[in-house]
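Please examine the predicted model shown below.

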Amino acid sequence: PVYTTAFTAEMLRRKLVEQGIADKVPVIIVDGDADAKRQIGVFHVEWLKLTHSIPEPYALLISTPAGKVFHTADWKLDKGPVVGQAYDASAFQKLAEYQVDAMVCDSTNANVQGWSESEANLYKGLKFHVEQAKGRVVVACFGSNIARLHTLARIAEETGRHLGLLGRSLINTVSAAKNVGLWTSVKTSVDSAHLGYLPAHTVLLVATGSQGEPRTALNRLSQNSFRDLQLSPGDTVIFSSKVIPGNELAIATLIERLKAMQIDVIDIDNSALPIHASGHPASEELKTMYQWVQPQCAIPVHGELMHMKANAKIAKASGVRQQLLGQNGDLFYIAPVNGIRRGAVKTGRWGLFDRKTLKKI
């Protein structure tokens, strides 16, 4: 069984239907705005509202007779999340009374100083670049970021441009958001098939492919292989995203193709105003959360080793007694004593070949 909130349940339902197994996976919807607590076997689970770049992000307090774990999942402390409600600091401060044995914590931006940018702060920069553009504008961002899409829909309306969504995953995400009441910005967007007939200066497109993925809308636009329209010299592409480690070459190649087409390319490196906000906590947010929760032990996860080391250093400076640093496959002990059994579980990647054969990659 899967326990989750409404938006994730709607996204999951679509994937299960695609695979023909919707009736085989029980999905239990948890109302995060109510008393979100469940007893699942020996685990008592409490959902705690946080902010991130997707709707309805929650941390989990997992309590068992053996001990308590606070798992942050992906998070940040955003006072202006655009979509959804802000976090409640008192809910995390209260955890200090519970004597949490271990805090499993997102490390992705642990080596970034200060606080992460608020989602609400992007409106000014994105609107500025759209207003300056002479032709079409294509904004590349993560399709799951409903808040960013709300901001772009607002900008499209205010600048007199038609909003278009390019990419199957993007259209699917917005459809799911509509079904659960998270999409209220515009009633509709222009169908992709009609976008090529509109004057270039009246179009604002949002496209998948900010990481240079080969089959995405932006990648196909850069190769003039997108079915419904082509970019023209003088059009603008805005990368409302940052480079995920490992994607540097793919993104650089994509940008070079766009520039060769005489497309104006704007990213976080050449924009004076913020146009992207990370969904992960910077150093001061990590420090704040550790001081609120006061766990006995910190287990940094989600990031490269340098990020997890930076997270552990912040935890130690914040008064957390012990930090456990591990790798994929390590087994963590949190009660009655803390420790790691190295390489306890075999890990790796497997690929599905011919829809029936699993092979190790």
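Lys76 is buried, at a relative accessible area of 2%; buried here means under 20% relative accessible area, exposed means over 50%, and partly exposed lies in between (1.4 Å probe, protein chains only). Asp78 is likewise buried, with a relative accessible area of 3%. These two residues form a salt bridge in which the closest N and O atoms are 3.8 Å apart, the term denoting a side-chain nitrogen of Lys or Arg within 4 Å of a carboxyl oxygen of Asp or Glu.

The model is predicted, so local features need pLDDT of at least 70 and side-chain atom pairs count only at pLDDT 80 or more, whereas totals for chains, interfaces and linings use all residues. Residues are numbered from 1 along each chain as its sequence is written, and side-chain values use heavy atoms, with hydrogens and water left out.

**Salt bridges**

Side chains of opposite charge can pair when their charged atoms come close. Over the whole structure, 11 salt bridges are found. One of them joins Arg168 and Glu18, with an N to O distance of 2.2 Å. Because Arg168 belongs to helix 5 (residues 168-179) and Glu18 to helix 1 (residues 6-19), this pair ties together parts that are 150 residues apart in sequence. Helices (H or I, at least four residues) and strands (E, at least two) are DSSP runs, numbered from the N terminus. Arg168 is exposed, with a relative accessible area of 63%.

A further salt bridge links Glu131 with Lys127, whose closest N and O atoms are 4.0 Å apart. Both residues lie in helix 3 (residues 122-132), four residues apart, or about one turn of the helix. Glu131 is partly exposed at 46% relative accessibility, whereas Lys127 is buried at 18%. The pair belongs to a network of salt bridges that links Lys127, Glu131, Arg154 and Glu158.

| Salt bridge | Closest N to O distance |
|---|---|
| Lys76 and Asp78 | 3.8 Å |
| Glu131 and Lys127 | 4.0 Å |

Strand 8 pairs with strand 10 (residues 203-207) in the parallel sense over four bridges; two strands pair if DSSP finds at least two bridges between them. Four bridges also join strand 8 to strand 11 (residues 236-239), again in parallel. Val139 has Val206 as its bridge partner in strand 10 and stands opposite Ile238 in strand 11.

Which residues touch the most other members of the largest nonpolar core? They are Leu149, Val206 and Ile238, in a core of 32 residues. Such a core is a set of buried Ala, Val, Leu, Ile, Met, Phe, Trp, Tyr and Cys residues joined through side-chain atoms within 4.5 Å. At least two residues of this core come from each of helix 1, helix 3, strand 8, helix 4 (146-158), strand 9 (162-166), helix 5 and strand 10. Helix 4 gives the most, with seven residues.

**Cysteines**

The count of disulfides, defined as pairs of cysteine sulfur atoms within 2.5 Å, is zero. Cys297 is in no disulfide, and the nearest cysteine sulfur, that of Cys105, is 12 Å away. Cys297 is buried at a relative accessible area of 0%, and Cys141 is buried at 2%.

**Surface patch**

Trp350, Leu352 and Leu358 form a nonpolar patch on the surface, with about 380 Å² of accessible area together. Patches are made of residues with over 30% relative accessible area and no salt bridge, like charges being joined within 9 Å and nonpolar side chains (Val, Leu, Ile, Met, Phe, Trp, Tyr) within 5 Å. Accessible areas come from the Shrake-Rupley method with a 1.4 Å probe, and for residues only the protein chains shown count as cover. Leu358 lies in strand 18 (residues 357-360) and is exposed, at a relative accessible area of 54%.

**Backbone features**

The peptide bond from Ala335 to Pro336 is cis, with omega near 0°. Pro336 is located in the loop between strand 15 (331-333) and strand 16 (339-341).

Ala73 is not a glycine, yet has a positive phi of about 55°. Ala73 sits in the loop between strand 6 (68-71) and helix 2 (89-93) and is partly exposed at 32% relative accessibility. Asn224 also has a positive phi, near 55°. Asn224 occupies the loop between helix 6 (217-222) and strand 11, and is partly exposed, with a relative accessible area of 41%.
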